[in-house]
Amino acid sequence: MSEKLFGNKGIDTNYEREIINYKPNLSVPKKDRFFRIDPSIVQKIIRAEDFTITKTLLQYDELIQQINDLLAILDNRNKTKDFMDYKKVLEIGKLKDIIVQENKLSDIRSTLDVESYTVLYRMKLSCEKQRAFLDQHYRNQITDTTDISLIEKKELEMIGEWVQAEHDFNDLVDNMDQLEEEMHDHDEEEGSSETSYLEQEIYDQDILKQNKMMLHDSLADTSYVHTNRYYMFKEIINQFQFIIEDASIIMKSDMHEMIKQIASMTDREALIAHLIYAFSGLKKDMDTLKGQYSLSDDNKEAFIAKQQWFYQQLESKSSSSVKNWLYNQNDSSESMNALANILVGSLEKSTKKYNSSVVDMSRFYQQEVIFYNNLLTLIQKKQENRIFLRILEDLQEIKNISNEWITSYLSVNGYTM
């Protein structure tokens with residue numbers, strides 16, 4: 001019976017053909033997307049896809065929204081006239097007046113809200129200005145639309161056109177090689193006109209692909225710098241979110257033991273006096289640091305951004321055509337040599353200036369983040385001091401501090417035990 005059903009080796013019976021639906025995939029696999037493209041160019045293409053202007057715009061949108069959410073929390077829990085007056089001064093932007101208002105509302109018995117608000121407000125303004133600058137000066141190199149989904153689609157299409165330009169260049173070079181072989185076997189004069197035509201096509205295609213490469217390479221440079229800034233800002237904003245939502249998170253988890261040790265101190269007034277003195281030192285450190293707000297100066301940032309954009313334009317829109325033109329000139333004329341020397345010098349200088357402008361922008365943002373981190377650290381230290389003072393003052397009237405009382409006190413006040 002089994003022999004009738006299954007027959008010999010292989011699928012050779014009607015029963016086997018009915019139960020086995022074998023449909024082999026006989027299609028020819030597609031060529032690799034980067035087939036025959038120079039590996040160094042492939043790296044640039046992949047980098048251009050990873051660091052796009054679209055992603056940078058979205059990253060700034062995310063930062064601005066997160067900061068707005070935190071500012072809203074601070075606004076909702078500070079409805080006083082003093083806070084409203086402080087906000088008006090902050091919007092005017094005079095540093096000395098801002099510091100005066102901050103000190104008034106950030107003493108040892110207040111909260112971290114006002115100083116946190118100032119830092120976040122300044123970070124938000126910077127994000128908004130850079131987002132607008134990127135939209136006006138870089139997005140318009142891609143498309144006129146401001147719809148973010150359409151910008152992303154167009155940017156990826158343009159990178160795809162760059163990939164195709166690389167393939168088209170390789171195809172033209174292949175055609176030239178084939179034509180030269182045919183000319184070798186036949187009359188060279190017959191193919192001379194076709195050779196000239198192909199040479200011009202190769203030259204034009206080379207300029208086209210280089211222009212595309214330089215555009216997207218420079219856009220990726222800009223996006224890379226701002227992406228790094230995004231991650232640095234994101235970390236700071238997240239830290240602010242933690243302490244704004246729950247300032248007690250600043251404190252360590254062993255406070256039960258600390259309070260037991262404080263209970264053994266009879267002269268707690270001395271502890272309070274030194275806490276107040278320590279806070280005054282932190283205030284001086286904070287005032288000194290605030291005097292360095294020029295490190296994140298809007299005018300300085302705008303100058304660096306415009307400088308980087310200027311050299312990006314020079315690199316992406318003119319350098320490749322000049323380089324190709326010079327490469328194809330002969331040196332039979334002294335006047336031509338003199339002009340070439342001037343142009344080569346200018347090309348070298350503009351490339352160096354472009355590279356240094358990218359580095360300058362990166363350094364500026366690194367210094368800016370160090371500054372904001374230092375402010376955040378001092379804000380946290382001041383709040384830690386406030387909490388210690390509050391605990392000591394709460395303990396002043398307590399005669400018998402038992403383990404049960406400590407556990408209840410920490411639980412009621414939201415401290416980690």
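Begin with phenylalanine 233, which is buried at a relative accessible area of 0% (buried means under 20%, exposed over 50%, partly exposed in between; 1.4 Å probe, protein chains only). This is a predicted model, in which local features need pLDDT of at least 70, side-chain atom pairs count only at pLDDT 80 or more, and totals for chains, interfaces and linings use all residues. Residues are numbered from 1 along each chain as its sequence is written, and side-chain values use heavy atoms, with hydrogens and water left out.

Phenylalanine 233 and tyrosine 372 form an edge-to-face aromatic pair, 6.0 Å centre to centre with 75° between the planes (ring centres of Phe, Tyr and the six-membered ring of Trp within 6.5 Å; planes under 30 degrees apart are stacked, over 60 edge-to-face, the rest tilted). The pair links helix H9 (residues 188–245) to helix H13, 139 residues apart (helices are DSSP runs of H or I, at least four residues, numbered from the N terminus).

Next, select phenylalanine 83 and tyrosine 86, a tilted pair at 5.5 Å and 45°. They are 3 residues apart in helix H5 (residues 81–92), and therefore separated by about one helical turn. Together with Tyr117, Phe83 and Tyr86 form one aromatic cluster.

Finally, select helix H14 (residues 403–412), where Ile406, Tyr409 and Leu410 are buried. On the other side of H14, Glu404 and Val412 are exposed. Glycine 414, with a positive phi near 80°, follows H14.

How values were computed. Helices (H or I, at least four residues) and strands (E, at least two) are DSSP runs, numbered from the N terminus.
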